[in-house]
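Please keep the model open while reading.

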Amino acid sequence: MKILVTAKRVTDPDSKIVIKPDGSLDLDGVDFRMNYFCEIAVEEALRIQENLDDVEVVAVAIGDEEATKEVRTALAMGADRGILVECDEAKLDSDLVARILVKVVEEEEPDLIIMGKQAVDGDNNQVGQLLAEYLGWPQATFAYKVELEGETAAKVQREVDGGVETVHLTFPAVITTDLRLNEPRYASLPGIMKAKRKKLDVFEPDDFDIELEQKVEVVGYKAPPSRQAGVTVDSVDALLDKLANEAKVI
Amino acid sequence: MSKILVLAEQQFGKLANATFSAIGAARQLAEKTGASYDIALAGQGIGGLAEQLGAYGAGTIYVLEDASLEKYTAQAYAQAFHSAAKASGATFVVAAATAIGKDCTPRVAARLGAGQASDVVAINGSGGALTYTRPMWAGNVLGEVKINTDIQVLTVRGSDFDAAEATGGSSAVEKIAAGVDAGSLRMTYVGLDAVESSRPALTDADVVISGGRGLKEASNFKLVEELADLLGGAVGATRAVVDAGWVPNDWQVGQTGKVVAPKLYIAVGISGAIQHLAGMKGSKTIVAINKDPEAPIFQVADYGLVADLFEVVPELTSKLKARAG
């Protein structure tokens with residue numbers, strides 16, 4: 001069985017993103033790391049690998065050369081092989097990422113794709129669904145629990161509005177991860193050493209005959225409206241007075 | 001003439017409230033473009049819902065019924081909504097950014113060869129020069145995006161578009177073939193483990209009381225729940241306490257959880273991580289209760305009470321009870 005996982009490079013959620021006066025983003029000095037939802041995807045694939053014989057886990061990233069680091073991180077966690085599709089991330093949108101992944105899937109023919117439900121930079125939450133539709137595959141987004149039925153199907157519990165929904169998928173299929181699916185492992189030192197010797201193939205969109213034509217384009221960035229801090233009250237009574245007489249909400 | 005198609009959301013024979021926010025967004029889009037709007041409704045045995053939607057000013061309600069649509073699955077619903085988009089000749093497709101909207105809409109976009117803007121909070125411009133504002137980087141940045149394809153697909157955030165009110169009148173109801181290729185479906189709905197609650201839904205509630213790490217342990221969440229029940233509100237939580245397993249996942253307020261904008265939001269023992277603030281700072285009145293005066297939550301709060309929550313929350317609850325009684 002083969003599982004394809006994604007390892008997207010994103011800005012560290014703890015880094016502050018500064019918007020320049022011209023409306024572009026200042027990413028100098030910002031730290032990068034693997035998208036947390038992708039880490040959960042890698043972890044889930046490795047757990048499946050530990051429970052079954054002969055499971056190969058292939059990690060793929062799409063981005064500039066620096067994204068090699070995130071593929072190596074996935075390899076250090078335990079993935080077997082890596083793929084980087086090298087291109088200028090600023091020229092991508094969700095649809096292009098999905099269409100590049102379609103090509104990778106056609107090459108690799110995985111039984112299962114596990115990926116983050118969204119990347120914590122663009123927050124689009126589209127790629128898994130687009131990929132599944134382009135491939136004509138079933139999907140389980142926002143996975144909370146994945147139970148394999150042999151190597152050909154799975155029951156997936158999903159985080160939905162108002163509870164947890166269960167769907168049954170026949171492979172090949174796409175699963176996207178939500179927060180509670182698992183707690184991703186850290187790469188061990190031997191894992192990091194081993195990762196350096198694992199195979200990592202690099203492609204370019206040209207290799208797949210894909211033109212980088214964006215369907216969705218970001219034309220500018222701005223800071224969200226700031227909210228003025230209000231007043232400090234010194235007692236419950238003062239708070240109740242404000243809520244009743246000033247805000248008029250109770 | 002451009003045409004907007006709203007993808008209605010129904011499950012178990014009930015329309016989602018968020019659908020009316022999507023209709024609200026469609027009305028805005030209609031004003032800006034001169035387009036009219038239709039509504040697509042998919043399911044099985046849902047004729048009654050079509051009647052209900054008929055009073056919301058749509059030209060046509062397209063009803064797609066098929067055995068494969070009895071329960072929601074992304075594969076079948078995407079195919080059905082695609083059929084409706086073709087029938088209406090839609091140049092815009094609008095859905096609510098709910099769990100179902102997020103799950104299904106990109107597949108519809110893929111079938112239409114259209115670009116999608118997710119989680120739209122504002123529609124800007126007019127005519128053929130529209131852009132959409134959407135939160136990125138956990139709400140720390142607002143991106144303005146444009147869609148370059150002939151058909152534009154949007155999911156819209158319910159808390160940022162007023163729910164449409166019924167305008168009377170009645171739309172044409174047209175049953176069309178769902179066009180679902182049953183042989184292509186490789187997923188089935190198994191069941192829903194619903195979180196039973198007598199409380200209002202988080203995204204609909206006028207009052208939301210949320211708890212964070214400051215509550216120290218799961219059992220202390222009852223302080224938050226008592227206060228919420230007294231005020232007829234919903235209960236929310238931070239990602240940290242959801243991760244810790246204290247409360248169900250769908251209580252999470254924040255960029256990766258629910259985005260809420262109630263009239264009153266009370267944050268109890270919440271420090272105010274950016275990703276949490278992204279989910280609640282649209283609230284009308286925000287109260288923060290935290291013993292750490294440096295907590296970032298105070299920077300967005302209208303009223304801050306720097307105090308030990310274990311003392312003041314029970315006091316607040318009992319005094320509110322006294323006022324009510």
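## Charged pairs

A:Glu165 and A:Arg158 form a salt bridge, with their closest N and O atoms 2.9 Å apart. The model is a predicted one. A:Glu165 is buried, at a relative accessible area of 2%. A:Arg158 is buried too, at 3%.

Two further bridges involve partly exposed side chains. A:Lys199 meets A:Asp201 in a salt bridge, at 3.1 Å from N to O. A:Lys199 is partly exposed, with a relative accessible area of 49%. A:Asp201 also counts as partly exposed, at 23%.

B:Lys319 and A:Asp237 meet in the other salt bridge, at 3.1 Å from N to O. This pair crosses between chains. B:Lys319 sits in helix H8 (residues 309-324) of chain B, and A:Asp237 in helix H6 (residues 236-246) of chain A. B:Lys319 counts as partly exposed at 26% relative accessibility. A:Asp237 counts as partly exposed at 45%.

Salt bridges also share partners: A:Lys2, A:Glu56, A:Arg81 and A:Glu108 are joined into one network. Over all chains, the count of salt bridges comes to 33.

| Salt bridge | N to O distance |
|---|---|
| A:Glu165 and A:Arg158 | 2.9 Å |
| A:Lys199 and A:Asp201 | 3.1 Å |
| B:Lys319 and A:Asp237 | 3.1 Å |

## Aromatic rings

Seven aromatic pairs occur over all chains. One of them joins B:Phe20 and B:Tyr56. This pair is tilted, with 4.8 Å between the centres and 45° between the planes. B:Phe20 lies in helix H1 (residues 18-33) of chain B. B:Tyr56 lies in the loop between helix H2 (47-53) and strand S5 (60-65) of chain B. The pair therefore ties together parts that are 36 residues apart in sequence. B:Phe20 is buried, with a relative accessible area of 11%. B:Tyr56 is buried as well, at 14%.

Ring pairs also link B:Tyr72, B:Tyr77 and B:Phe81 into a cluster. A charge meets a ring elsewhere in chain B: B:Arg213 lies over the face of B:Trp246, at 5.9 Å from the ring centre.

## Cysteines

How many disulfides are there over all chains? The count comes to zero. A:Cys87 is in no disulfide, and its nearest cysteine sulfur, that of A:Cys38, is 15 Å away. A:Cys87 counts as buried, at 8% relative accessibility. B:Cys104 is buried, at 2%.

Terms used: Residues are numbered from 1 along each chain as its sequence is written. Chains are lettered from A and ligands numbered from 1 in the order in which they are written. This is a predicted model: local features need pLDDT of at least 70, side-chain atom pairs count only at pLDDT 80 or more; totals for chains, interfaces and linings use all residues. Side-chain values use heavy atoms; hydrogens and water are left out. A disulfide is a pair of cysteine sulfur atoms within 2.5 Å. Buried means under 20% relative accessible area, exposed over 50%, partly exposed in between (1.4 Å probe, protein chains only). Rings of Phe, Tyr and Trp (its six-membered ring) pair if their centres lie within 6.5 Å; planes under 30 degrees apart count as stacked, over 60 as edge-to-face and the rest as tilted. Helices (H or I, at least four residues) and strands (E, at least two) are DSSP runs, numbered from the N terminus. A charge sits over a ring if NZ of Lys or CZ of Arg is within 6 Å of the ring centre and within 35 degrees of the ring normal. A salt bridge is a side-chain nitrogen of Lys or Arg within 4 Å of a carboxyl oxygen of Asp or Glu.
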